[in-house]
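Dear colleague,

Please find the structure below. I would be grateful if you could look through it alongside the notes that follow.

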Amino acid sequence: MTDTTLEELERRVAARRERPSYGHDALITCDRLVRVFSTDGVEVQALQGLDLLVKEGELMALVGASGSGKSTLMNILAGLDVPTAGAARVAGSDLLAMDGKARLRYRREVVGFVWQQTARNLLPYLTAEQNVALPMQLRGRGAGRGRRKAERARELLSMLGAADYADRRPEQLSGGQQQRVAIAVALANSPSVLLADEPTGELDSATGEQVFAAFRRANEELGTTIVIVTHDQAVADEVRRTVAIRDGRTSSEVLRRTQVDADTGQESVVAREYAMLDRAGRLQLPADHLSSLGMRDRVLLELESDHIGVWPDEHGV
Ligand SMILES: Nc1ncnc2c1ncn2[C@@H]1O[C@H](COP(=O)(O)OP(=O)(O)OP(=O)(O)O)[C@@H](O)[C@H]1O
């Protein structure tokens, strides 16, 4: 390598350092995240360079086929698992660089989570209110102010429509009621991010709707950023942004916005599908679009003044 090349490389590195980093203004940044599991000599690449940005205050859904990597991503964001490579930051915490103590603090204070299995979210021998007060006690600040913690627990339960069963134990609650209490538990220490993995998966659709309404309430009233993994189309349709994961990468996303008709004043929700473009310019086209036009192996590209056209390779050899 010549000196000139080295200088040139140094100049490029310096220029890159001065540029705002990827996701500098996002609350959650996943940058080329990789997670490889090795069991009995077999490697599974659960995440294969996943990019995801989530802004503060968003309520968004993650969808994807079974095995696409959703739970792996959630476990990493929850601080329960560590990625093999890439970068992940949540509310200023670097998820690859935390030591044991920082990880514990992160799980108690920065993120809250709600799991699909209702039994996993609550301790069976505590009442709903005691379950909500527990994370505040474990956090340990303001010791001796038990009354304040009980008060806050009641406030959260009431905000989520669960005040009536504050004194009941989980076994005395329905699945939907347990999930609402679980959301209150997850919010107890005012986390920056609330993560939920299939929170309505075990519920019928009417109950699922009520639980989703509780998430929306938390997002609107407290401004908590919420990421929900879901197979539930009703949940995916209700949020402003749904990101799809395919083969361990974010592949496409649907953004919804409310449109008001200029003549009638009627509101309607308009949904548009976007493909993710990574920093190398790679684009994943949705599988159903490809199959409906018989596109495979190679496509014809044409650059127009305001768009890029993609056609099946009909003249290919
Ligand atoms: N601890 C583990 N050890 C080995 N392989 C794993 C482990 N956890 C996940 N995997 C594999 O990683 C891939 C992604 O799994 P993951 O659970 O993240 O998918 P998912 O999208 O959440 O699926 P589902 O919707 O079925 O829960 C799968 O191939 C899975 O078998």
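Predicted model: local features only at pLDDT ≥ 70, side-chain atom pairs only at ≥ 80, totals over all residues.

Residues are numbered from 1 along each chain as its sequence is written.

The chain has 10 helices and 13 strands; helices (H or I, at least four residues) and strands (E, at least two) are DSSP runs, numbered from the N terminus. Its C-alpha trace spans about 70 × 60 × 50 Å along the principal axes. Of its 317 residues, 32% count as buried. A residue is called buried if 20 or more other C-beta atoms lie within 10 Å of its own, exposed if 12 or fewer, and partly exposed in between, with C-beta atoms placed from the backbone.

Helix 8 comprises the 18 residues 205-222, which should span 26 Å at 1.5 Å a residue, and the 25 Å between its end C-alpha atoms agrees with this. The expected span is 1.5 Å times one less than the number of residues. Buried in helix 8 are Gly 208, Val 211, Phe 212, Ala 214, Phe 215 and Ala 218. Seen down the helix axis, these buried residues fall within an arc of 145°, so they line one face of helix 8; the arc is that of the directions from the helix axis to the C-beta atoms. The face turned away from the buried side carries the exposed residues Ser 205, Ala 206, Glu 220 and Glu 221. Among the elements against which the buried residues of helix 8 pack are strand 3 (59-63) and helix 7 (175-187). Gly 223, with a positive phi near 75°, follows helix 8.

Val 132 is found in helix 5 (residues 128-139). Val 132 counts as buried because it has 30 C-beta neighbours inside 10 Å. Beyond its neighbours within four places in sequence, its contacts include Ala 153, Leu 156 and Val 181, a contact being two C-beta atoms, placed from the backbone, within 7 Å.

Which residues surround the ligand? They are Phe 37, Thr 39, Val 44, Ala 46, Gly 64, Ser 66, Gly 67, Ser 68, Gly 69, Lys 70, Ser 71 and Thr 72, where the C-beta atom, placed from the backbone, must lie within 6 Å of the molecule. Helix 2 gives the most to this shell, with three residues.

With kind regards
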